[in-house]
Structures are given as structure tokens and as C-alpha cells.
Amino acid sequence: MLQLGKQLLCHHFRPRRGAWDYVRVNVYELSMEQLNVFEHLRFKEQLVDDPARSDDNFVLALDFEPVNGTFPRPTRSSSIGNGVQFLNRHLSSVMFISKEYLEPLLDFLRVHKHKGHVMMLNDRMQSISHLQSALAKAEDYLSKIPPDKPYSDFEYV
């Protein structure tokens with residue numbers, strides 16, 4: 001949250017769980033000082049209670065938390081410190097639950113080519129159900145191949 005006074009800007013942020021930091025910046029001097037909770041609250045009250053403030057001279061307060069409101073948050077302690085894995089799991093679960101995300105994924109996989117060779121999917125994959133069926137067959141086929149068999153013995157050319 002940012003709050004702007006006449007020449008002072010106050011900002012509080014959360015550097016880690018369970019901790020808040022408060023700073024006040026003088027915008028004319030470009031100086032910054034760290035505040036404790038009491039000083040921060042006093043600054044906020046002074047902004048509202050300022051007798052020089054008229055109805056035309058309002059206090060600007062920006063709260064960025066609503067932008068972050070729908071962002072997934074880890075609820076299990078095992079997810080803390082594993083943010084990328086947590087987001088990958090969340091996004092993939094959302095993507096595969098909702099059919100509206102699957103068609104763009106299919107289109108995305110079809111367009112990738114390198115030197116004229118299709119990298120992901122060829123034109124034979126016309127639908128999500130066809131892709132799911134082909135993936136199931138491929139998984140079944142690969143599960144029957146011994147792990148030590150060279151890729152060159154079963155690659156598709």
C-alpha cells in the first residue's frame with residue numbers, strides 16, 4: 001500500500017511471511033527512512049487528520065492487493081519455497097480441468113516446426129480426444145520397451 005502526503009510517500013510491504021516493513025520517502029529530498037509500526041500508523045493518521053486538507057486535497061492511497069487477489073497461494077507448508085512447482089501444478093490442473101484451454105494448447109503444439117519438420121504434433125491430430133487417445137497408445141507402447149533399449153531402435157522417422 002502506498003500513501004502520499006504533501007511531500008512524503010509512505011509504503012508498507014511484506015518481505016516474508018509474518019513480517020512487515022514500513023518506509024517513508026521524502027520525494028523532494030529523495031531520502032528514505034524506515035519506520036516502526038507506531039510511526040507508520042501516526043503518519044497515516046496525520047494524513048487523514050491534517051487541518052490543511054480540504055475536500056479538494058485528498059489523500060492518495062493505492063492498494064495493490066486486489067490485483068493479487070485471485071493469484072493462487074500455497075496452503076501446505078511443503079509448498080513454501082517451491083513456488084515454481086506450485087504454480088506449474090496449479091496452472092496445469094486448471095488447464096486440464098477446463099476444456100476451453102485445451103484447444104489453444106492443441107493449436108500451440110501444431111504450429112511448432114524446425115527446418116520444415118513438425119516438432120510437436122502433425123496435422124493428423126485433429127481434436128483433443130484424438131490427441132488423448134494417441135498419448136495413451138504411446139504411453140502403453142513405451143511402457144513395454146525395456147529401459148536399456150537404445151532410442152534409435154524404436155524412433156519414428
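This is a predicted model: local features need pLDDT of at least 70, side-chain atom pairs count only at pLDDT 80 or more; totals for chains, interfaces and linings use all residues.

Reader: Where is L30 found?

Author: Residues are numbered from 1 along each chain as its sequence is written, and side-chain values use heavy atoms, with hydrogens and water left out. Helices (H or I, at least four residues) and strands (E, at least two) are DSSP runs, numbered from the N terminus. With that in hand, L30 sits in the loop between β3 (19–26) and β4 (31–35).

Reader: Is L30 buried or exposed?

Author: Buried means under 20% relative accessible area, exposed over 50%, and partly exposed in between (1.4 Å probe, protein chains only). L30 has a relative accessible area of 73%, so L30 is exposed.

Reader: Where is K115, and what is its phi near?

Author: Look in the loop between β6 (113–114) and β7 (117–118) for K115. K115 is a residue other than glycine with a positive phi, and that phi is near 50°.

Reader: Which residues is N26 in contact with, leaving aside its neighbours within four places in sequence?

Author: N26 belongs to strand β3 and is buried, with a relative accessible area of 10%. Contact means heavy atoms within 4.5 Å. Leaving aside neighbours within four places in sequence, the contacts of N26 are Q7, L8 and S31.

Reader: Which residues make up the largest nonpolar core?

Author: A nonpolar core is a set of buried Ala, Val, Leu, Ile, Met, Phe, Trp, Tyr and Cys residues joined through side-chain atoms within 4.5 Å. The largest one has 7 residues in all: L102, L106, L109, L121, M125, I128 and L131.

Reader: Which helix gives the most to this core?

Author: Both α3 (102–111) and α4 (128–143) supply at least two residues of this core. The one that gives the most, with 3 residues, is α3.

Reader: How many Å apart in space are I128 and L105, C-alpha to C-alpha?

Author: I128 lies in helix α4 and is buried, with a relative accessible area of 13%. In sequence, I128 and L105 are 23 residues apart; in space, their C-alpha atoms are separated by 9.2 Å.

Reader: What kind of aromatic pair do Y151 and F154 form?

Author: Rings of Phe, Tyr and Trp (its six-membered ring) pair if their centres lie within 6.5 Å; planes under 30 degrees apart count as stacked, over 60 as edge-to-face and the rest as tilted. The rings of Y151 and F154 are 5.4 Å apart centre to centre, with 80° between the planes. That makes the pair of Y151 and F154 edge-to-face.

Reader: Which residue does R24 meet in a salt bridge?

Author: A salt bridge is a side-chain nitrogen of Lys or Arg within 4 Å of a carboxyl oxygen of Asp or Glu. The structure holds 3 of them. R24 is buried, with a relative accessible area of 18%. At 3.0 Å, N to O, its salt-bridge partner is E33.

Reader: In which helix do R110 and D107 both lie?

Author: The side chains of R110 and D107 meet in a salt bridge at 3.3 Å, N to O. R110 and D107 are 3 residues apart, about one turn of the helix, and both lie in α3.

Reader: Is K144 exposed or buried?

Author: K144 forms a salt bridge with D140, and their closest N and O atoms are 3.3 Å apart. D140 is partly exposed at 40% relative accessibility. K144 has 62% relative accessibility, so K144 counts as exposed.
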